[in-house]
Amino acid sequence: MSKPERTSTHFSMNESLLFEEGSPGRCAFDLPQLDVPRKEMSELMDPELLRSEIPGMPELSEVDVIRHFTRLSSWNYHIDLGLYPLGSCTMKYNPKINERMARLEGFALAHPYLPGEMIQGALEVQKTLENCLAQISGMDAVTLQPAAGAHGELTGILMVRAYHQSRGNPRKKILIPDSAHGTNPASAAIAGYVVESVPSNNRGTIDSGELRKLVNDDVAAIMITNPNTLGIFESEIAGIAESVHAHGALVYMDGANLNAMMGITRPGDFGIDVLHINLHKTFTTPHGGGGPGSGPVAVKKVLEPFLPYPVIQSNANGSYSFNYDRPHSIGKVKAYNGQFGMHVRALCYILANGAEGLKEVSEVAVLNANYIRSKLKDAYALAYDSPSLHEVVFSDRLQARKDVHVWDIAKRLMDYGFHPPTVSFPLIVPGAIMIEPTETESKQELDAFIEAMLAIEKEAEQNPELVKSAPHTTRVGRIDEAAAARKPVLRWRAGG
Amino acid sequence: MRYIPNSQADRQRMLAEIGVDSMEQLFSGIPEKLRLRRFLDLPRALSEPELLEYFRKRASKNEIDPALFIGAGIYRHYIPIIIDALISRSEFYTAYTPYQAEIAQGTLQAIFEFQTYIAQLTGMDVANASLYDGSTGLAEAVLMGQRITRKHKFLVARTVHPEYLAVVDTYVKNLGIQVEFIDYTADGRLDLEQLERKLDTNTAAVVVQSPNFFGTIERTHVIAEIAHKRAALSITNICEAISLGILKPAGEDHSEARTADIIVGEVQSFGVPPSFGGPHVGFLATRDKYVRQMPGRLVGMGKDFSGRRGFVLTLSTREQHIRREKATSNICTNQSLCALMATIYLATVGPKGLREICEHNVLKTEYAVTQIRQRTKHRVLFAAPRFNEFVVQPADSRQFPGLPLSRFYPELGNARLLCVTEINSREQIDAMVRSLAS
């Protein structure tokens with residue numbers, strides 16, 4: 001089979017690296033004229049401290065820079081182009097007004113070290129967001145400091161540790177279901193805990209019988225995800241929380257999947273003591289090609305003394321202030337108080353929706369996932385039969401008979417103009433295909449995706465090679481990752 | 001709701017095709033007793049014009065005058081317009097982490113360029129795809145130092161940004177790592193004698209910042225040499241990345257004994273607005289030999305199966321999604337969009353522009369220091385060379401610009417940390433000096 005022609009001579013398909021493009025003397029930048037006396041740098045400091053030049057740093061014009069990055073941008077898939085069905089990632093539309101609001105000069109140029117009276121606007125935005133997140137999650141207090149979801153996990157588990165420590169014993173273990181995201185065990189390890197895995201049952205949820213055997217007085221907490229990474233609600237959660245609490249342990253929740261439950265059910269009402277919330281998932285702050293994210297942590301009253309400092313205080317006179325006097329705090333997890341630009345965007349989204357809007361968001365997110373499920377369940381094997389919430393997990397079991405695997409299906413979807421779903425995760429489902437459409441997709445977009453998936457299923461049956469050699473229409477084909485990792489080239493070098 | 005395309009009629013059709021009667025039925029997996037049977041108690045929904053008014057009103061309550069002369073890890077530099085024009089492209093800001101390399105080459109190549117710039121500027125072999133910020137970056141550098149040396153004692157300069165030190169403390173205190181502090185001397189730099197005294201063969205690494213929190217420039221090459229003599233690593237932290245345009249990087253010297261092993265820091269100064277403390281963007285650079293101990297994402301250059309150059313996330317066997325609790329870090333993402341801002345900034349200013357910006361920072365700061373010394377009775381502390389910050393001991397209790405240092409350094413009493421950058425005009429500096437002189 002011959003591959004469709006992929007190469008083009010146009011720059012837009014062959015843009016070089018910046019370092020290959022520069023030309024001495026080009027310039028994209030001017031400074032105002034110096035208005036203080038000029039002196040040689042060597043008069044002001046030991047010449048030993050000064051560098052001579054920066055080898056390899058290119059000189060470019062403004063047009064060069066604009067063309068370069070515009071061309072690069074055209075090689076990316078993005079949410080404004082179409083469906084981005086990454087399970088557990090909640091790739092939803094990012095409202096444009098969020099961006100505009102975060103760029104208001106009064107926010108973009110605010111400095112957290114100025115006296116309280118000079119930063120009232122920023123503090124009010126943060127406090128209001130904290131209050132909204134507490135209400136949505138059913139918790140008592142919130143910190144906005146963590147920079148991302150995994151950072152929120154670490155913050156939450158450090159608070160669990162501080163809580164147990166304050167009662168005389170930090171305990172040793174964190175229990176984590178085998179369907180959990182990899183950051184959960186990694187975060188627990190950095191907080192100084194040993195991780196023990198809890199098996200799932202044949203419904204795709206926590207095996208509560210096994211869990212009861214594992215809980216003892218050495219356990220500091222269980223880290224659950226609900227709905228879990230299979231999109232299934234842990235229906236025994238209340239009982240699980242009760243048995244964990246009976247041993248003095250706490251329940252941590254990974255809030256990655258909050259998009260399924262806003263206004264429907266609240267973690268604080270089903271026994272959760274601490275959870276992190278991904279503003280870049282549920283609350284539409286953009287993913288930015290991999291960050292910045294934002295991972296606020298919400299807690300019940302018992303954990304409130306351990307929040308990172310500073311906390312934002314509402315004063316009797318209607319003003320706000322940072323309170324650094326927090327003797328039981330776990331300390332700081334990040335300089336200043338979190339990814340403020342993301343806080344503005346998330347609050348803007350929450351205020352745009354209100355309570356009824358957020359409930360509608362979760363309802364339609366669940367509707368869209370179930371629509372995909374109902375249309376694909378005869379062509380792809382469902383991993384578990386339990387009811388799906390905001391995402392649905394299939395496996396490649398049926399296609400694997402023709403030696404077509406999940407990665408092949410993913411790559412072939414690109415030829416149909418879609419970003420692939422999350423693949424090979426959760427780990428407990430061999431060949432997992434994890435689809436989360438979110439509420440911001442229309443029926444037409446979902447139907448086009450479903451059609452593509454059904455077409456690929458036919459191809460896998462009739463012409464498996466076509467699927468296995470995909471993608472055929474992208475700028476580059478599959479990268480040889482093994483070769484790239486064997487002899488890593490992590491930077492450009494002159495002549496190399 | 002304006003962000004949800006499917007109308008009520010669409011939804012009814014979809015429910016019918018699924019074969020359920022109502023939305024309610026889709027939630028049958030959630031036990032009734034856990035259902036919230038009321039609306040959340042949130043502010044009422046706002047229309048777009050109302051949102052504009054709401055946020056404009058709050059934004060206007062923040063003071064943003066550049067003549068407040070405040071830095072302390074967050075710097076006001078000129079931000080070229082083209083940065084926002086480029087990062088406002090949906091192709092960049094609404095894309096996901098580039099796991100699917102074939103349709104994420106734009107992000108991947110830009111990160112590869114970021115890694116190259118950081119390596120060039122620091123004089124190191126490699127840099128990662130960026131970290132959340134400088135403070136968490138420093139904590140990650142310390143953990144990396146422990147992995148490399150398998151030792152647990154760190155000697156850390158007190159003049160490292162105090163909030164970075166607080167973050168390091170939070171990260172390491174449960175992992176058996178001890179931090180001992182090294183004081184500063186009267187010239188505002190690390191006390192080298194004390195460092196020599198406290199260094200022993202159990203020391204994992206020496207951690208310094210340059211320019212340090214007081215704005216003075218450390219002798220990072222001498223410090224690296226001292227550390228290496230006792231087989232400790234040398235970790236240099238940089239809060240003010242602009243300084244790399246003029247200061248000899250800790251990663252570069254004629255002798256390897258005099259270079260840092262890990263250079264970590266914050267590049268907010270490269271085109272990222274202060275934004276009340278975030279998002280900013282951290283970096284971590286090191287030697288080739290330590291690559292596999294690095295935290296965070298890395299982008300590598302590779303080839304597709306027909307031989308075309310392409311970029312891809314690599315060395316992921318270090319990472320949490322593969323190694324789970326044995327990963328080098330729990331980090332799942334980088335700070336991609338901010339790293340892109342820094343990359344565009346560096347492409348825009350170029351090597352000459354960066355050097356000129358540095359010169360303006362140094363000269364304007366020198367001018368401010370000279371004027372305060374000549375025209376006021378307040379004392380400028382610390383004689384060592386400085387970049388764009390300095391410490392003043394006010395002679396009286398008048399209103400003073402800058403950051404009060406007593407929260408972090410009680411021994412400095414009423415001292416203030418001031419910052420002057422290229423955006424501050426002579427007029428602003430003169431006005432400030434006049435207000436301090438009268």
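Axes are lines fitted to C-alpha atoms, for helices over the stretch in contact, and angles run from 0 to 180 degrees between N-to-C directions. The model is a predicted one. In chain A, helix α6 (residues 120–137) and helix α11 (residues 340–376) have axes that come within 9 Å of each other and cross at roughly 45 degrees. Angles under 35 degrees count as roughly parallel, over 145 as roughly antiparallel and 65 to 115 as roughly perpendicular, with the rest oblique; α6(A) and α11(A) are therefore oblique to each other. The crossing of α6(A) past α11(A) is left-handed. On the α6(A) side, the contact is made by A122(A), V125(A), Q126(A), T128(A), L129(A), C132(A), L133(A) and I136(A). From α11(A) come F340(A), H343(A), V344(A), A346(A), L347(A), I350(A) and L358(A).

Next comes the sheet of chain A. It is open and has 7 strands in the order β1-β7-β6-β5-β4-β2-β3, with mixed pairing. The edges are held by β1 (141–143) and β3 (194–198) of chain A; each has a single partner strand, so one side of each is left without a neighbour in the sheet. On average, neighbouring strands of this sheet are turned by 20 degrees against each other, direction ignored.

The chain passes from β2(A) through α8(A) to β3(A) in a right-handed β-α-β crossover. Helix α8 (residues 183–190) of chain A lies across β2 (173–177), β3, β4 (219–225) and β5 (250–254) of that chain, and runs at about 175 degrees to β2(A).

Chain A also has loops with particular backbone geometry. The peptide bond between N226(A) and P227(A) is cis, with omega about -10 degrees. P227(A) has its place in the loop between β4 and α10 (237–246) of chain A. Another cis peptide bond joins G291(A) and P292(A), where omega is about 5 degrees, and P292(A) is in the loop between β6 (274–276) and β7 of chain A. In the loop between β13 (432–435) and α14 (443–462) of chain A is T438(A). Although T438(A) is not a glycine, its phi is positive, about 70 degrees. Since buried means under 20% relative accessible area, T438(A) counts as buried at 1% relative accessibility.

Chain B has an open sheet of 7 strands in the order β1-β7-β6-β5-β4-β2-β3, and its pairing is mixed. Its edge strands are β1 (126–127) and β3 (178–182) of chain B, each of which pairs on one side only. Between β1(B) and β7 (residues 282–286) of chain B there are 2 bridges, and these strands run antiparallel. V126(B) has T286(B) of β7(B) as its bridge partner.

What covers β2(B), and on which faces? Both faces of β2(B) are covered: K153(B), L155(B) and A157(B) on one side and F154(B) and V156(B) on the other are all buried. Helix α7 (residues 134–149) of chain B lies across β2 (153–157), β4 (203–209), β5 (233–238), β6 (262–266) and β7 of chain B. The angle of α7(B) to β6(B) is about 165 degrees.

The strand β2(B) pairs with β3(B) in the parallel sense over 5 bridges, with F154(B) opposite V179(B) in β3(B). Together with helix α8 (residues 162–172) of chain B, β2(B) and β3(B) make a right-handed β-α-β unit. The pairing of β2(B) with β4(B) is parallel too, over 4 bridges; here the bridge partner of V156(B) in β4(B) is V207(B).

Two further residues of chain B remain. R324(B), in the loop between α11 (320–323) and α12 (336–375) of chain B, has a positive phi of about 50 degrees although it is not a glycine. With a relative accessibility of 15%, R324(B) counts as buried. E91(B) belongs to helix α5 (residues 90–93) of chain B and is buried, its relative accessible area being 17%. Apart from neighbours within four places in sequence, E91(B) is in contact with S73(A), N76(A), Y77(A) and H78(A).

Terms used: Residues numbered from 1 in each chain as written. Chains lettered and ligands numbered in written order. Predicted model: local features only at pLDDT ≥ 70, side-chain atom pairs only at ≥ 80, totals over all residues. Heavy atoms only, no water. Buried < 20%, exposed > 50% of the residue type's maximum accessible area, 1.4 Å probe, protein only. Contact = heavy atoms within 4.5 Å. Pairing = 2+ DSSP bridges. Right-handed = clockwise from strand over helix to strand, strands pointing away. Left-handed = near helix turned anticlockwise from the far one by under 90°.
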